[in-house]
Amino acid sequence: MEARLRDIREGIDHGRFPAYVFNDQEIFDLEQEKLFGQAWTFLAHESEIPKPGDYVTRYIGNNNLIVARDEHGEIHANLNMCRHRGNMMCKSEMGNASHFRCSYHGWVYKNSGELIGVPYLAEGYEGKLKRKDWGLVKARIDTYEGLVFGTFNEDASSLEDYLGGFQFYLDLYLKQGPNGSEVHGPPDHWITETDWKIAAENFAGDGYHTPVAHQFGFNLGYFPSSGATHSQGWAASIPGKGHGIGLGHTPGFTPFAGFPDALTAEIKKSLTPDQVEVFSNTRTAVGTVFPNLSFLMQPFSLIPGETGVRFVTMRLYHPIGPGKCEMYSWCLVPKDASDEYKEAAYQAYTLTFAQAGTFEQDDLENWARLTRMAKSSAAKGIEFPYLMGMETERDEDFRGPGHVVKPYVNDSNFRNLWGRWADYLLGEA
């Protein structure tokens, strides 16, 4: 396997990537151990669990966790498994509870993970079981602007180091005013016959597919761009970290169009001057935090030809097998925006990138067919070209961090993502 991975790593540097990795059981198993077992993984947005006792259940790789806010407001992430015989502690995906009681033998834990109740403790264990030694297994967590990440790797570098400057771009989605962003309702949640890596790559800045896969949006006037100018903009990536974002630009487009004027003023106050300049020129921002968390912001109009409203979708691709993943998709809104704006943004999100959204259906059909075709025997030795922008120099006038190139339609972000993926599987991240 190491020789295969070395070939893949070398191929990435030369703009090639093999088709078989999207359906390979051995690759999937390695991802569980060496990627999701080591990297920081997104768990939840803090606004999903605003009150003491609120919890959601999420995953790090194939590990199910309870992400809960305790009675003091502190957030904990614990393996959703009783320490007694391994039963699942919490069977609901979200709720509010001060304690969790195992349905098998009745061990009881605080929502912080501390073991506080053991039936027949004195009679059965004769004083040999110390409750403090048998709490739920804790994951290490850290946060950035409301995003809660977790890892079981005690030796992982800090989340700040892991993000490596990508915070500059994340702020567009997360600093939408003085109190930031919040989720608008629970996530849409479904299973798709799509490999998680295909979705992560697409949202790392694939503007190339938009005029084809989503052509109806241009033709009907719902999308504030045209095929003629759609390639304009920037592809930004953080070298060696895997994170990438595409920033689409439409000439003459009003800065921050799609936000109400008062909200735009508040957003500008929350950003640095460099961020304001970069984001003023941005129509569409579509990015991936390596490995499997993505965002998209764009204006969308229900009335052809008009600017419409800006919305943000945040999505997570949880791998559940080779060529198969569980999708979570949220709508993020500015916390301080009016209810009217939030509802309009949620409507735009629902019509486009929610589970049954038109753009989402376009993508899912292509991704599922890609996954299926890459599984065929003839595809086993086939590689895909990632040759766009191999020699492109950084745009030195761009005021954001990372490797930033023009045009927006570019493969540089994807080579960076695949390089990081291969480094993790080789144990060299």
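**Entry 1: a buried charged pair**

I started at Glu31 and found it buried, at 1% relative accessibility. This is a predicted model, and I read every value below with that in mind. Which residue does Glu31 meet in a salt bridge? I looked, and the partner is Lys197, with N to O at 2.8 Å. Lys197 also counts as buried, at 1% relative accessibility. Glu31 belongs to helix α2 (residues 25-35) and Lys197 to helix α6 (residues 196-202), so this pair ties together parts that are 166 residues apart in sequence.

**Entry 2: other salt bridges**

Next I asked how many salt bridges there are by this rule. The count comes to 23. I picked a few to look at.

Glu46 pairs with Arg69, and their closest N and O atoms are 3.8 Å apart. I placed Glu46 in the loop between β2 (41-45) and β3 (54-60) and Arg69 in strand β4 (residues 63-69), so the bridge links parts 23 residues apart in sequence. Glu46 is partly exposed at 25% relative accessibility, whereas Arg69 is buried at 12%.

Arg369 and Glu365 form another bridge, with the closest N and O atoms 3.4 Å apart. Both sit in helix α12 (residues 358-373), four residues apart, which is about one turn of the helix. I noted Arg369 as partly exposed at 45% relative accessibility, and Glu365 is partly exposed with a value of 45%. I also found a network: Glu2, Arg6 and Glu428 are joined by salt bridges that share partners.

**Entry 3: the nonpolar cores**

The largest nonpolar core has 97 residues, and Tyr169, Phe295 and Trp421 have the most contacts inside it. A second, separate core has 15 residues, among them Tyr55, Cys82, Phe100 and Tyr109.

For Cys82, the sulfur of Cys102 is the nearest cysteine sulfur. I found Cys82 buried at 2% relative accessible area, and Cys102 is buried with a value of 2%.

**Entry 4: His243**

Is His243 buried or exposed? I have it as buried, with a relative accessible area of 0%. His243 lies in the loop between β14 (233-237) and β15 (244-248). I then looked for polar atoms around its side chain. The backbone oxygen of Tyr162 is 2.9 Å from a polar atom of the His243 side chain, and the backbone nitrogen of Phe290 is 2.9 Å from a polar atom of that side chain. Setting aside neighbours up to four places away, His243 also touches residues including Leu163, Phe166, Thr288 and Asn416.

**Entry 5: Phe300**

My last stop was Phe300, in strand β17 (residues 293-300). Phe300 counts as buried, at 5% relative accessibility. Which residues does Phe300 touch, not counting those up to four places away in sequence? I listed Tyr222, Thr307, Gly308, Val309, Phe311, Ala348, Thr352 and Phe359. I checked the spacing to Thr352: Phe300 is 52 residues away from Thr352 in sequence and 8.5 Å away in space, C-alpha to C-alpha.

Note on methods. Residues are numbered from 1 along each chain as its sequence is written. This is a predicted model: local features need pLDDT of at least 70, side-chain atom pairs count only at pLDDT 80 or more; totals for chains, interfaces and linings use all residues. Side-chain values use heavy atoms; hydrogens and water are left out. A nonpolar core is a set of buried Ala, Val, Leu, Ile, Met, Phe, Trp, Tyr and Cys residues joined through side-chain atoms within 4.5 Å. Buried means under 20% relative accessible area, exposed over 50%, partly exposed in between (1.4 Å probe, protein chains only). A disulfide is a pair of cysteine sulfur atoms within 2.5 Å. Helices (H or I, at least four residues) and strands (E, at least two) are DSSP runs, numbered from the N terminus. Contact means heavy atoms within 4.5 Å. A polar contact is a pair of N or O atoms within 3.5 Å; within protein, one must be able to donate a hydrogen and the other to accept it, and residues adjacent in sequence count only if both atoms are side-chain atoms. A salt bridge is a side-chain nitrogen of Lys or Arg within 4 Å of a carboxyl oxygen of Asp or Glu.
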